[in-house]
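Dear colleague,

Please find below the structure that I am handing over to you, with the sequence alongside. A short account of the findings follows it.

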Amino acid sequence: MTLFRLDASIFPATSASRSLADLVEEQWTSVHADSVVTRRDLAGDPIPATAWQNAVSAGFVPEADRTPDQRDAAALAATLADELVSADALLFAVPLYNYGVSQHFKAWFDVAYTDPRINPQGTALRGKPATLVTVLGGNYDPGTPKEGWDHSTPWLRRVLADVWGLDLRVVSRPFTLVGVNPALDAFAEQAATIKADAEDGARESGRELAKRRPRTSAA
Ligand SMILES: Cc1cc2nc3c(=O)[nH]c(=O)nc-3n(C[C@H](O)[C@H](O)[C@H](O)COP(=O)(O)O)c2cc1C
């Protein structure tokens, strides 16, 4: 069994998303003792900013006529798609940055999404079990002052569950900046509860991810 794990934190040494994803991974590997975990660290090894335009334009050019940059980009897209298609389960750890999706994740998705197996006509990921771990420095829950400002989580759900058709579960931990940003000190107790709940949720999601099989109805 193979688990594909993607991380997008730009501060891996102190990363809350990595810690939560570690809990998911631990549970998954404890069920699948002979498992393989393939990793892609998007901040440590970013997708080149020019890869997407070259991969898209490569799609309009016969293979023999492609430029070296277009060939490289198409090959990169195939590698990214291989990692997803060949895995039995997928784990994504993606923080909220600047009220939107991580630019590293967006660059990765855009390039991967040019591969014919998982492009708008592709179906290779439908029904595949996946867990998304997302962390947010603030709190955007209903009734909070910045409700609606998290433009990352809804987009991630849209592309992973609705576009690619993954069988997606989401573990979310808001308020990771409590204890870091003194302006949020009043939320210390609430944040501690949220953290503990998210850790429980991550463990549960890992156990569940290990047991889930691809949804056959969507294959
Ligand atoms: C450059 C930068 C921008 C950020 N922008 C936001 C933001 O718009 N909203 C928010 O709630 N948190 C924001 N954060 C806080 C991160 O979401 C938070 O620190 C999260 O825990 C980072 O993920 P990590 O712990 O896995 O590294 C930002 C952090 C950084 C470094």
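The accessible surface of the protein amounts to about 11,000 Å², and carbon and sulfur atoms make up 53% of that surface. Please note that this is a predicted model, and that every value in this message was computed from it. As for burial, 45% of the 219 residues count as buried.

Turning to the fold, the protein contains 6 helices and 6 strands, which follow one another from the N terminus in the order β-α-β-α-α-β-β-α-β-α-β-α. The radius of gyration is 18 Å, close to the 17 Å that the globule rule gives for 219 residues, so the protein is as compact as a globular protein of that length. The C-alpha trace spans about 60 × 35 × 30 Å along its principal axes.

Strand 1, residues 2-7, deserves a separate word. This strand is mostly covered, with 6 of its 6 residues buried. In a regular strand, side chains alternate between the two faces of the sheet. Here Thr2, Phe4 and Leu6 point one way, while Leu3, Arg5 and Asp7 point the other way; all of them are buried. Strand 1 pairs with strand 2 (residues 36-41) in the parallel sense, over 6 bridges. Within that pairing, Leu3 has Val37 of strand 2 as its bridge partner.

With kind regards

Methods:
Residues are numbered from 1 along each chain as its sequence is written. This is a predicted model: local features need pLDDT of at least 70, side-chain atom pairs count only at pLDDT 80 or more; totals for chains, interfaces and linings use all residues. Side-chain values use heavy atoms; hydrogens and water are left out. Helices (H or I, at least four residues) and strands (E, at least two) are DSSP runs, numbered from the N terminus. The radius of gyration is taken over C-alpha atoms; the globule rule is 2.2 Å times the number of residues to the power 0.38. Buried means under 20% relative accessible area, exposed over 50%, partly exposed in between (1.4 Å probe, protein chains only). Accessible areas come from the Shrake-Rupley method with a 1.4 Å probe; for residues, only the protein chains shown count as cover. Two strands pair if DSSP finds at least two bridges between them.
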